[in-house]
Amino acid sequence: MKGKKAGSSGRSADQTMAESTGVEQIVANVVSQVLDNHVPELRSELVRRVLEELPQATASAAVGASGESGSANLLKAISAIQSGTTQREILCSLLDNTVRYSGRAALFVIKAGAATGWQGRGFTRDGDDTIKDFALNVTVGVPEQALRSRMPFSGTTHDVDPGFVTEFGAPVGDQVLVLPLLLKEKVAALVYADAGTEGGGKLDAAAVELLVLVTSAWLEVASLRKQALKEEKEEPAEAPGEKAESAPLPSHPAPAHSDPFAAHAPKHVAPVSDPVPVPAVELEQPAAVAQAEPVVTAAAAAPAPATDAFANLSPEDADVHRKAHRFARLLVDEIKLYNQVKVTEGRKSKDLYDRLKEDIEKSRITYQKRYGNTAAGGADYFSQELVRSLAEDDTSIMGANFRRN
């Protein structure tokens, strides 16, 4: 009985194995048929996916071949802008490097509430010069928002001048970016960028915005340095015991910044039914450079004070005090330009001096060397400007370690 049971059990196992093998064969046949039927579709899908990823793969390969990352290329772009020695070079470098992160870029000069084209890159239909003197309507859409708020704005082609789209074509992706170029917190120009009209175009808004911010700061630094050099060439400040001839003061105060676009006289004026309110802009146009170099100024001349703070001084001493005050303001403005993040954080934490101590003391030494032993030596305009400009007239913001010298 046990033998029969064992034999019966063995036959059952053989039958089960045979049945399992048969099922596996059936499944294998079905899977094979399904794969045979769908391989062409899978092949087509694979090709489509690869083609979609090809532009990104090509870009990555290019970065790998050059051994440079995106941040390294961005740093090179910033260095190129800061290597400019004239304002024209700085602005041209901005446009040259902006098209590394966009398909097209253009700069529009703001004068009397109107925007006219200065130069462009990537507008190849008729050449880049086609953007020159184009009157961009800044009363609507993202140009109006950027001009009014002094902030970058993005949108679609429906948010820009229809005449611009008709003239130069709509970009791929239909996305546009307009950024204000600020000088002394006033809009001197608008920078336009999009992905271009050809396939494969790109628009890296963050990179473009960074380049425009760097350009704004660098134009101000260049202007401050130019003014400081001009001051150096002027007659040296009077030392104690010396007599200097009194030079007549200019009838109008010179603007603090030169105008990069002084030579750019717009040929057209954008139609303005409801003008965008913009700050007043004072422009210079030196005859020697009128045809050679465009330049931006954003600072309007300050209104004349009701009373002259130095009226009770001799003309010679008053001139020294004015120069010392102006030089202190330039030094503090440059500190603020180079350390905008530290200034913001220091004001919040009320430890501004500690954060900027190295820069402040270097500039203080420069100021003292120049005016410490003059008629203005006792006024210490440098410390006054630190409190007025950096600390917004609140000495506590400078922190406990700040001392007036």
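Visitor: Which residues touch the most other members of the largest nonpolar core?
Guide: This is a predicted model, where local features need pLDDT of at least 70, side-chain atom pairs count only at pLDDT 80 or more, and totals for chains, interfaces and linings use all residues. Residues are numbered from 1 along each chain as its sequence is written, and side-chain values use heavy atoms, leaving out hydrogens and water. A nonpolar core joins buried (under 20% relative accessible area, 1.4 Å probe, protein chains only) Ala, Val, Leu, Ile, Met, Phe, Trp, Tyr and Cys residues through side-chain atoms within 4.5 Å. Among its 33 residues, the answer is Leu 94, Leu 107, Trp 118, Leu 181, Val 208, Leu 211 and Val 212.

Visitor: Which element gives the most to this core?
Guide: Several DSSP runs (helices of at least four residues, strands of at least two) supply at least two residues each, including H2 (70-82), E5 (175-183) and H7. With nine residues, the top contributor is H6.

Visitor: What does Val 212 touch, beyond residues up to four places away in sequence?
Guide: Contact here means heavy atoms within 4.5 Å. By that rule, Val 212 meets Leu 94, Leu 179, Pro 180, Leu 181 and Val 191.

Visitor: How does H7 lie relative to H10?
Guide: The axes, lines fitted to C-alpha atoms over the stretch in contact, of H7 (residues 315-338) and H10 (residues 381-390) come within 9 Å and cross at roughly 45°. Angles under 35 degrees count as roughly parallel, 65 to 115 as roughly perpendicular, over 145 as roughly antiparallel and the rest as oblique. Therefore H7 is, relative to H10, oblique.

How values were computed: Axes are lines fitted to C-alpha atoms, for helices over the stretch in contact, and angles run from 0 to 180 degrees between N-to-C directions. Buried means under 20% relative accessible area, exposed over 50%, partly exposed in between (1.4 Å probe, protein chains only).
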